[in-house]
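Me: I've got a model open and want to go over a few spots in it. Can you walk me through them?

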Amino acid sequence: MPEFNLNDTLNLFSKLTFRRTWNATKVLSSYFVSKWTGKPVQWGYPVSVSFEPTTSCNLRCPECPSGLRAFTRPTGMLQQDFFRKTIDEIHKELLYLIFYFQGEPYLNTGFLDMVKYAHDKGIYTATSTNAHYLTDAAARKTVESGLDRLIISIDGTTQDVYTQYRVGGNLEKVIQGAKNIVKWKKELKSKTPFVFFQFLVVKPNEHQIEDIKKLAKEIGVDEVRFKTAQVYDYEEGNRLIPTIDKYSRYHRNEDGTYAIKNKMGNHCWRLWHSPVITWDGLVVPCCFDKDAQHKLGDLKKQSLKELWHNDQYIQFRTSIQRGRSNIDICANCSEGTKVWG
């Protein structure tokens, strides 16, 4: 799960119950036992889940399958009855729910109703948005839904720079959307959602790092966080790879080619605590399986608690431990590459 500031952490801890704490303890223990023994042990149920509201998106970001319209899987919307059925099954163990995988969550008209449903079950809820649909009314409903964390993707402080990555976007809409959220938090005297600007650092915008901090302060969002960019075709260099080493996932070799910085260990915390569920009910290992090529189960055929311990999951966890570098979706993994400003 992501890092937290103090207030956000206290809010998360307020969601803990004995059952959730005990489940998290079992999951963490089984992860370390698996690392020590080299065998995939799983004693608990998911601590965190990512649920995909939709694969649709209004933007055309160059390194995003949704933006590129490059999916082989179907585009669609998460249905509320299916969502509620799944949450009813796992909410007593589940601590953290991320309403995001691919696409723009606010395009799903039932999205905030689903947030409220999870909130009413005492689950910490978070989402990521490009903020083009945070109208005054939507901002108010967002605050009223009980959403705990709102990530606003904003990758530039001027329109020309912003649209070099957020193709088709309108920076003024993003800024106004953020202002609407801040306004309604004050109006409704709400501490949530915790709002932060997420700034994906790429070469075209790296000169605006200090500017985004100033903009966030002016608007009144809670924090700015900087994220390294995943680039698919990086070996021969890419126009998006930043020159500031701190914000790059890649380093330049002596021969001029590029390679990923991170060392790839044969383990992965995500596989032990947090599955990803597509809008149509497929369960995949993590957010790097954007096209759902490694299907570990189907929630329309089996419950999440059942498939969490099924043969496919055991086999995939085993393959991680035997040789993570042989798994395609692990090749460009960002685990451990986020840096905060």
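This is a predicted model: local features need pLDDT of at least 70, side-chain atom pairs count only at pLDDT 80 or more; totals for chains, interfaces and linings use all residues.

Me: Starting with alanine 292, where does it lie?
Reply: Alanine 292 lies in the loop between β10 (282-284) and β11 (297-298). Helices (H or I, at least four residues) and strands (E, at least two) are DSSP runs, numbered from the N terminus.

Me: Ok. What's the phi of alanine 292?
Reply: Positive, about 55°, although alanine 292 is not a glycine. Most residues other than glycine have a negative phi.

Me: Is alanine 292 buried or exposed?
Reply: Alanine 292 counts as buried, because its relative accessibility is 14%. Buried means under 20% relative accessible area, exposed over 50%, and partly exposed in between (1.4 Å probe, protein chains only).

Me: What about the phi of alanine 131?
Reply: Alanine 131 also isn't a glycine, and its phi is positive at about 70°. You'll find alanine 131 in the loop between β3 and α6. It is buried, with a relative accessible area of 0%.

Me: Which loop holds asparagine 130?
Reply: Asparagine 130 is in the loop between β3 (124-129) and α6 (136-145).

Me: Why do you call asparagine 130 buried?
Reply: Because its relative accessible area is 4%.

Me: And which side chain does asparagine 130 pair with in a polar contact?
Reply: The side chain of asparagine 58, at 2.9 Å. A polar contact is a pair of N or O atoms within 3.5 Å; within protein, one must be able to donate a hydrogen and the other to accept it, and residues adjacent in sequence count only if both atoms are side-chain atoms. Leaving aside neighbours within four places in sequence, asparagine 130 is in contact (heavy atoms within 4.5 Å) with residues including Cys57, Glu104, Ser153 and Tyr162.

Me: Switching to helices. How do α4 and α5 cross?
Reply: The axes of α4 and helix α5 (residues 111-120) come within 11 Å and cross at roughly 15°. Axes here are lines fitted to C-alpha atoms, for helices over the stretch in contact, and angles run from 0 to 180 degrees between N-to-C directions. So α4 and α5 are roughly parallel to each other; angles under 35 degrees count as roughly parallel, over 145 as roughly antiparallel, 65 to 115 as roughly perpendicular and the rest as oblique.

Me: Which residues make that contact?
Reply: From α4, Gln80, Phe83, Arg84, Ile87 and Asp88; from α5, Asp113, Met114, Tyr117 and Ala118.

Me: Where's lysine 141, and what does it touch?
Reply: Lysine 141 lies in helix α6. Not counting residues up to four places away in sequence, lysine 141 touches Leu112 and Asp113. It is partly exposed, with a relative accessible area of 36%.

Me: Now glutamine 79: which backbone oxygen does its side chain reach?
Reply: That of methionine 77, at 3.1 Å. Glutamine 79 sits in the loop between α3 (65-68) and α4 (80-90), and it is partly exposed at 47% relative accessible area.

Me: Last one. Which residues does the cis peptide bond join?
Reply: Threonine 192 and proline 193, with omega about 5°. Proline 193 lies in the loop between α8 (171-187) and β5 (194-201). Most peptide bonds are trans.

Methods:
Residues are numbered from 1 along each chain as its sequence is written. Side-chain values use heavy atoms; hydrogens and water are left out.
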